Every structure is written in C-alpha cells, then in structure tokens.
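Good morning, and thank you for coming. Please look at the sequence and the structure on the screen while I take you through them.

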Amino acid sequence: MAWLAPASAAALGPGVTIRPAGYGDVHLGPYEMPQGTDPGEPGFCVQARVYPPSATDTITSTATLSDAVLAYIYAEHRHATDDATAAAVAYETHMRAELPGSMAGGNVDTVRSLIEAATPQFVKDRAAQLVAEAGGAAGPWQAASPSTVDGSGTRTGVIHIHPIVGRGGAPLVGYPMTATLNGPATFDATGTKTWTGTTQATTISLRWTAEPGANGEVTISRTISNLPRQTLTYVHPSGQRQAQLTYGLRTPDDPEQMTLPGPSFRAVGDFRPQGVSSAPAFVDSDEDLVDTFVPQAHPDDVWVQLDSGYVPVTYTYDVYDVGTTPIPESASVPSGTPVYSGTAVASGPGVPIVMNVGPAPVPSTYVWVWGSSKQVQPAQWRDYVRDVAWTDGTKFEETTVSRWPITHWSQTREYNVVPGGRVFDTIVISGMPHDHGQFAGLGRFEADLQHADVTVYGPLPERPTTVEVPAGTPVFWQDTVAAKNGTFNVGWDDANPIIAPTVATHDAGDYFVFVYSFDGDARVAPYTSPFNDLAETWYVPVDRTTDVETWLITMADEEVTAGQPFQDTALLTGTIVEGGYLQFEAYGVFTDQVAPAESAEHLLWTSDPIPVHRAGAYRSGHITADLPDGAAEGFVYWVATYYDADGAVVVRGEFGDASEITRLVPPVLPEVTTLATPMVAVGQPATDRAFVSGPVPAESTLTWAAFWQVDSEDPADDVLVAELGPKTIYHGGEYQSPPVVFEEVGTHYWVETLTGPDGEVLHVGEPRLPNETTQVVRVTTQAVEQIVSGEAAYDVALIEGTPLPGSTLGFAVFRQVFSQDPADDELVAELAPVAVEGPGKVRSADVVLDQYGTYYWVETLFGPDGEAVHVGEPRLPNETTRVVDADVVEASAAADAASALAVTGAARVAVLFAAAAALAMVGGALARAAQRRGRKSPVTSG
C-alpha cells in the first residue's frame with residue numbers, strides 16, 4: 001500500500017491526491033525516477049502505497065508493457081502541467097498497468113477498484129478523454145489509403161501522400177516525415193530526391209519532374225520519425241521501492257521510425273536532341289539538293305520515350321550559299337541568309353530524315369546546317385527537350401557543290417578544207433566558276449582540274465550522226481586547253497598544227513569533227529560536246545580539183561520548253577554557188593490530234609534569206625511556239641533549202657527528217673531564256689530579249705542589267721553600264737529590254753531578273769553567258785587616196801573588238817557625181833564579202849578604176865547570220881580615192897618641183913620662169929586629156 005512520500009521522495013509535478021477507502025493518501029501524478037532512466041522522463045506509480053524511489057536509487061530490472069493506447073497517452077500528455085491531465089494519466093496507468101504490491105494483499109483488481117472509487121469524477125472524465133483520443137490515433141499506424149501518382153510515363157506529375165492514421169482512423173499529425181524518390185525523378189519543391197515535412201491530417205500533394213536525360217521506373221517511400229511508443233517500460237528500483245511505468249528506456253522492438261512504400265511510376269526526362277547528316281559532295285545543276293539527317297540524342301542522354309512511343313522532335317534545317325568553293329569546317333554557322341530554311345520532325349532516334357529542297361537556284365557551294373532547340377518544339381513536346389540550343393555547324397559531310405555546267409560554243413573556220421590545208425577552230429567556254437583552276441582542294445573536295453581536251457576525230461566516211469563518240473573512232477589530232485572560261489583559238493600553234501590529209505582516205509572524201517571534253521571535278525560537271533555538232537564538222541575532198549557535190553546537213557534543237565526559243569542549224573559543204581542563200585521553214589505545231597504535213601496550212605514560220613558566201617554552218621534564227629491547249633507535247637518540223645542566185649533550188653532538206661524535229665514540252669516552273677543582240681558597232685543600240693514561259697504570276701516584273709566585261713576572271717569586277725526596267729508582265733511571252741547604246745569597244749553582257757508580285761525572285765540570269773553577250777566593235781577604214789586611171793584601188797578596214805566567228809566584211813565602190821545627194825552616185829563595184837578572222841586589218845579585193853574622178857568606198861560588217869552590224873557612211877574623206885590621168889600626175893609633179901625652188905634675190909626671176917613653164921605643161925596636159933574625152937580644154941594658151 002502506498003503512502004504519502006516523505007520529503008526525500010516527494011512526488012514530481014502536478015496531480016491529485018486521493019485516499020482510497022481504508023488506506024492513506026495516494027498521489028495521482030508523475031514521480032521522480034531512479035538513476036539509469038532517460039533524463040527528464042517522469043515515472044508513474046504502478047504499485048499504490050509503496051514508497052517511491054528517489055534519484056539516488058538504482059534500477060534492478062525492467063519489463064515491457066504492450067499497451068499502445070496508454071503509450072500514446074504518455075506520448076502526448078506525460079509532461080502535462082495541469083492537475084486534471086497529470087492525474088488522469090496516473091489514474092489510467094493504475095487502471096491498465098497496476099502490478100501487485102502491498103495494498104489489498106497484492107490483489108490488482110481490488111486495488112484498481114479502490115483507486116477508481118477514490119478518484120474524483122473530473123479526473124476520470126479527463127482520463128476517458130485521453131483514452132478516446134488515443135484510441136483513434138494510437139498505433140499500429142498505416143496509410144489512410146495508398147499513395148497515388150499522376151503523370152506516370154511522362155516528364156512531370158504529382159504524388160499524392162495520404163495521412164497516416166492510428167488504429168481508430170485518426171490522423172497522426174505533426175510528426176517528421178521524409179518522402180524519398182528512388183529513380184530518375186526529383187521533387188519540384190526541393191529539386192532533390194527527398195522532401196521533408198510533417199505528417200498532416202489531409203493529403204499532401206508533391207509535384208515531381210523526371211531527371212534530365214533519364215528515363216526509368218521510380219518508387220516512392222516515406223519515413224515517419226519520432227513515432228509515439230506503442231509500448232511502455234516497467235522500472236523496478238532497488239531498495240524495495242515502488243515499480244514505475246515510464247515512457248523512457250524505449251526498446252528496439254518498439255522503433256521510432258516507420259517507412260511506408262508507395263507506388264512505382266515511370267518518369268520520362270528531357271534530353272538534348274542532336275544528329276548527324278550527310279549530303280552528296282556534289283550534284284549537277286539540274287539535280288536536287290538532298291541531305292540525309294539521322295537524329296540521335298546527346299551521347300550522355302537518352303531519347304525520351306513515352307508510353308505511346310518516342311517523343312517526336314522538331315529539327316530546323318538551313319541551307320547556306322557559301323560561294324564558289326567549299327569552306328573549312330567549323331562549329332559556327334556560315335554567315336549570311338540561308339537560301340532555304342525549314343523544319344523536319346523526327347519520329348525517334350536512328351530514323352533517317354531525307355530532306356530535298358529541289359535544284360539549287362544557281363551553281364554554287366551549299367552547306368546544310370541542322371539544329372534543335374526547345375523553342376521550336378510544339379507545346380505538347382516542348383518540356384521533353386532541354387533548353388540547350390544545338391547546331392551541327394559547318395561540316396564537309398554536309399557540304400554539296402551544285403556543279404557549274406559548261407556552256408560550249410564552237411565553230412571551225414573552214415568547212416571545205418583543201419587537202420594538206422591547215423584547220424582552225426574557235427571554242428568559247430562559259431559557265432565555269434570565274435576562279436576555276438585556283439581551288440587547291442579541301443577536305444573531301446578534290447582540286448580543280450587544270451585542262452580540258454580538244455580532240456579531232458577522223459577521217460570518217462560520212463558525217464557524224466550520233467551525240468556520243470562511238471567506240472573505236474579514230475583520233476586524228478589532240479591537244480589541251482585551260483579548263484576555264486574564255487575563247488580558245490585552236491590550231492594556231494605551229495608546234496602542234498592541224499593539217500588536213502593530202503589524200504582523202506575515203507572515196508567520197510573525209511569528214512572530221514572537233515570534240516571538246518572536260519572530265520569533271522568537284523566544282524564543274526563533266527562535259528563533252530556532241531560528236532554530231534555540225535558547226536564542228538569539216539570536210540576534206542578527194543583532191544583539190546574535183547568539184548564536190550553540194551551537201552546540206554541540218555540539225556534542229558531536239559527539245560525545248562513551249563514558249564522558249566529554238567532554232568535549226570544547216571551545214572553546207574561541197575560546192576558553194578555564187579550569190580546563193582539559205583532559207584529555213586518551220587511547220588507545226590503537230591500533236592496527236594494534228595498529223596504532220598508539209599503544207600501552207602501548217603507553215604509556222606519562214607526565215608529571211610541568209611546569204612551564203614562559203615561552206616559552213618548557218619543558223620535559222622530563233623523562233624518560239626506554244627502548245628495547243630491540253631496537249632502533252634508537240635512537234636515542229638524544219639526544212640532548210642539552199643537556193644542559187646536566181647532562186648533555183650540547189651538542194652532541199654527532207655520533211656520529217658528525224659534530225660529536223662523539235663519536240664515541245666509543257667513548262668512546269670517559270671522559265672526564262674534570253675537572247676541579246678550578238679554584235680553591234682559602237683554607238684548603235686543593242687537590246688536583250690527575254691522569253692518567259694510557265695506559270696508566271698500576274699504583275700511580275702522583268703529587269704535587265706548590262707555590264708562591260710573587263711579583263712578579269714571574276715564577274716564581280718565587271719562594270720555596270722545600265723539598269724533597265726522594271727517591265728510588268730502578266731503572262732509568259734517574249735519581252736524586249738529598252739535599248740542600250742554601248743560606247744566602249746569590248747565584250748558586254750546582260751543579266752535578267754524575274755521577280756514575282758510579292759518581291760520573291762523567281763529567276764536570275766548568270767553572268768557572261770554566250771547568248772547574253774553583245775560584242776561591241778568599231779570599224780574604221782582608209783582607202784587608197786589616189787591612183788592613175790587604169791590602176792587598181794582598194795580599201796582597208798581596221799576592226800577593233802571581237803567580231804563573232806563567221807563574220808564577213810563587204811565593200812562597195814561608188815563614183816561620186818555632181819550632186820548633193822549620195823543616192824545619185826554611181827555604184828561601180830560590189831565586192832564579195834571577206835572573212836573576218838578576228839580584230840585587225842581586213843583588205844578588200846582590188847578594183848581597177850578606168851575613169852578619172854572621185855570615188856569612195858562603203859564598208860559593211862556582216863554578222864555570222866548575214867545581218868548588217870555596221871555600214872559605213874558615203875563620201876567620207878578617208879574612204880575617197882581620186883582617179884587622175886597620167887599626164888596630170890606628171891605635170892603635178894613638175895609643179896611641185898618648181899615650187900620647191902628658193903625665191904630669194906636673183907633666183908626670183910628663175911622661179912617665175914620655171915613656174916610659168918610648169919603651168920604651161922599642166923595646161924597642155926589638161927588640153928590633151930580634154931581632147932581624148934572630146935571636151936573643150938578649160939586651159940587655153942595666149
């Protein structure tokens with residue numbers, strides 16, 4: 001039985017003292033604990049009326065009480081300072097954990113009854129409250145419901161952590177709790193894999209985000225610390241002191257922490273998209289620019305994969321024009337504005353993307369640059385791409401040269417070559433980059449080839465008819481020329497001349513043909529001129545004396561876009577008749593609905609007569625034709641006829657000859673071909689004609705620029721002479737530029753630009769194209785000043801500039817009459833045109849003039865197609881030849897001698913006599929001349 005403790009063992013803290021029936025006082029409240037217990041922890045009596053221990057007592061033994069409700073009451077209220085609560089804790093301890101002692105003979109049930117009866121009701125009521133509270137929140141604990149996760153299989157989501165509840169479902173509130181993510185995800189609130197807080201009465205929702213570049217399963221667990229005890233410890237002190245129950249001395253089987261596993265989910269992180277691409281080293285100018293891009297993640301990342309598959313990624317691509325040569329590799333993007341830009345969507349790593357932007361706008365070097373960034377992604381996928389911009393920079397593997405196509409024009413100087421004669425050819429090459437020959441190679445791009453081949457094939461029994469050189473064709477002569485733009489005069493090298501055979505190999509004579517060929521390199525496409533090029537074919541007859549039959553060989557342009565210019569070419573060989581001329585006829589357009597027929601009804605065009613002065617190639621001049629509505633293709637049939645001076649047919653081509661058919665195809669894109677005035681004299685106007693076909697937007701504009709070509713391989717050095725236009729157009733057709741008068745001798749060229757109504761450039765011409773070149777020449781002349789009647793006179797023309805191959809110079813001689821109008825002058829002779837081989841002097845044939853008087857010459861420069869480029873003016877002093885009698889010349893010489901005598905002192909008389917004698921001689925000469933003409937002499941004696 002417990003009694004009131006003496007002063008040395010006083011009760012600790014608040015409480016209520018009761019007196020059970022038949023016994024002394026019992027204190028309901030905390031007591032001091034013996035040595036060895038947890039500091040600050042009170043004890044509660046479990047043996048009523050046994051003397052309590054003091055701080056000097058020790059513990060002899062301990063035992064465990066498994067009572068989670070009472071333990072929870074201790075956990076929450078053992079340190080209560082109010083008497084009611086402190087007494088209630090002690091009261092409940094006696095009711096639930098009393099041990100046998102001295103009171104009631106050790107009968108625990110009797111002791112409880114006595115204490116219960118003696119305890120005030122407010123204490124018992126408070127104890128009931130504590131029990132009820134503990135009954136809801138005391139252990140064992142568990143989650144009110146399993147935690148849940150939103151966003152599994154994506155990059156971010158929310159974890160919902162529900163309350164921890166006790167045995168009666170009441171939440172455990174305010175206890176330290178740590179949530180931990182195991183796997184590639186972090187809490188947004190902390191940026192780490194752990195979150196620390198306290199247990200709550202309501203659900204805690206925490207946002208999570210997948211770790212960058214990582215995908216995988218994530219599990220969540222939470223650990224609650226400082227959990228209330230679910231057991232209490234009996235303490236048995238030494239010295240026959242009362243046993244106590246304490247919250248201290250917690251045993252390992254009553255842990256302070258509890259870890260609850262949560263659900264697992266899959267986190268999908270962001271990553272850095274990259275990739276590698278490869279483009280062809282070069283393509284021809286009519287081939288598409290293509291790049292193959294293989295997407296992949298950064299080596300340290302993993303491509304994000306959702307439940308539905310890989311996250312799609314949007315890549316950007318830009319195509320830069322970097323100039324005529326490849327540039328070194330670099331991590332940087334090329335400077336300037338891309339010529340093409342776009343986006344492409346990758347469905348996953350390793351799936352190639354083939355991007356085709358069509359043919360390059362102009363031959364040049366193009367670099368593909370791929371990139372990715374968070375900003376270009378659709379909102380749905382943006383979060384999966386890390387905010388790190390990436391480009392692959394400038395790489396050789398992403399560099400493509402759209403190779404320059406060679407434009408070739410050539411013509412032999414002679415077509416009928418005498419046996420043993422020398423042969424010459426003029427080759428004009430354009431279209432190569434201006435710096436070709438200077439590129440030394442870089443990366444996978446080989447250096448420029450330095451030379452092109454010029455080969456003469458033959459002797460052949462007949463004119464070549466195939467484009468390709470047949471295998472086994474004999475080679476007659478071969479040399480090289482520089483692989484660059486320019487005019488090459490072939491056959492002039494005395495160390496390697498081209499000399500025709502002295503004896504023909506074949507019975508009908510021998511045919512030969514020049515072929516220019518370039519093997520191709522990294523920047524210029526391979527090219528071989530046609531084996532059947534009429535302008536490059538020449539013929540050697542059997543001997544020098546045998547007349548050769550006149551041959552007419554023709555070849556029309558094979559195919560052209562409807563609305564674009566095309567022409568026919570005729571090669572005349574053999575005997576050339578004086579005064580003859582060529583005329584071309586075009587028939588059509590024939591379709592599957594219109595059968596070909598050589599009739600007036602189907603005559604499309606007839607050329608002007610083209611004078612023929614020698615054997616050679618002659619061109620019809622350009623025409624255009626449109627397809628009938630709905631026609632998929634059409635055909636134009638050509639016929640060339642060679643007439644003599646009287647208009648009689650010498651030879652006529654055959655209608656339907658396969659080489660004389662031009663196929664017309666419909667345009668797909670806007671297409672522009674231009675033809676400039678090929679040659680003009682200084683001070684004469686020149687124009688450029690643009691042939692536009694295809695789907696041209698209404699209110700597009702055409703502009704022209706005219707340049708003077710300087711002595712440089714770079715067109716950028718050329719001088720701008722004039723800018724013309726704009727001319728607004730609404731459809732395809734032929735459009736002529738305003739005229740330009742060139743004041744400088746030399747090579748000029750035109751560049752045309754077609755611009756859409758929205759300002760988009762649809763077409764830009766290339767510089768220095770042969771068909772866009774105007775040669776500006778100057779012709780000055782000096783005739784023989786004076787001759788004696790019966791002698792021969794001639795004229796000499798000086799040509800400055802570069803006359804076109806096949807040009808000729810004609811001369812006419814007039815006798816001037818006594819009239820102010822040159823139209824009244826008498827035509828004395830019209831000479832056959834003289835071939836113009838280049839700049840320099842050209843001498844006319846001799847003309848014998850029998851009558852005395854004043855004569856003058858008029859020169860005419862003809863282009864290769866017979867057009868007059870320059871016509872001299874009449875009665876020019878430098879073009880005047882005086883014809884005098886021989887007697888007049890003698891008298892004039894005598895007069896000159898007399899006037900040379902010194903007129904000083906006594907010699908003056910001698911001079912006068914000599915002059916008089918000279919005048920007499922002149923007068924006599926004039927009289928004799930007048931007598932021969934039957935006219936009265938203007939000089940009389942007397």
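Let me begin with a term: two residues are in contact when heavy atoms of theirs lie within 4.5 Å. Helices (H or I, at least four residues) and strands (E, at least two) are DSSP runs, numbered from the N terminus.

A word on the origin of the values. This is a predicted model, in which local features need pLDDT of at least 70 and side-chain atom pairs count only at pLDDT 80 or more, while totals for chains, interfaces and linings use all residues. Residues are numbered from 1 along each chain as its sequence is written, and side-chain values use heavy atoms, with hydrogens and water left out.

I turn to helix H1. A residue is called buried under 20% relative accessible area, exposed over 50%, and partly exposed in between, with a 1.4 Å probe and protein chains only. By that rule, eight of the 10 residues of H1 are buried, and the helix is mostly covered. Among the buried ones are Val69, Tyr72, Ile73 and His77. Which elements cover them? The cover includes the strands E3, E4 (59-65), E14 (232-237) and E15 (244-246), together with the helices H2 and H4.

How are two packed helices described? One gives the angle between their axes and the distance between the axes. The axes are lines fitted to C-alpha atoms, for helices over the stretch in contact, and angles run from 0 to 180 degrees between N-to-C directions. H1 (residues 68-77) and H4 (residues 121-137) pack at about 105 degrees, with their axes 8 Å apart. The two helices are therefore roughly perpendicular; under 35 degrees would count as roughly parallel, over 145 as roughly antiparallel, 65 to 115 as roughly perpendicular and the rest as oblique. On the H1 side the contact includes Val69 and Tyr72, and on the H4 side Leu130 and Val131.

Next, the interior. A nonpolar core is a set of buried Ala, Val, Leu, Ile, Met, Phe, Trp, Tyr and Cys residues joined through side-chain atoms within 4.5 Å. The largest one has 64 residues, and Ile159, Leu181 and Leu245 have the most contacts inside it. Leaving aside neighbours within four places in sequence, Ile159 is in contact with residues including Leu181, Phe187, Trp208 and Phe265. A second, separate core of 30 residues includes Ile406, Val481, Phe512 and Ala522.

My last topic is charge. A salt bridge is a side-chain nitrogen of Lys or Arg within 4 Å of a carboxyl oxygen of Asp or Glu. How many are there by this rule? The count is 29 salt bridges.

In one of them, the side chains of Arg78 and Glu41 meet at 2.8 Å, N to O. Arg78 lies in the loop between H1 and H2 (83-97) and Glu41 in the loop between E2 (26-28) and E3 (43-45), so the pair ties together parts 37 residues apart in sequence. Arg78 is buried at 13% relative accessibility, and Glu41 is buried at 15%.

Asp301 and Arg386 form another salt bridge, with the closest N and O atoms 3.4 Å apart. This pair links parts of the chain that are 85 residues apart, and both residues are buried. Asp301 and Arg386 also belong to a network of salt bridges with Asp270 and Arg272.

Finally, Glu397 and Arg444 meet in a salt bridge at 3.6 Å, N to O. Here Glu397 is partly exposed at 41%, and Arg444 is partly exposed at 32%.
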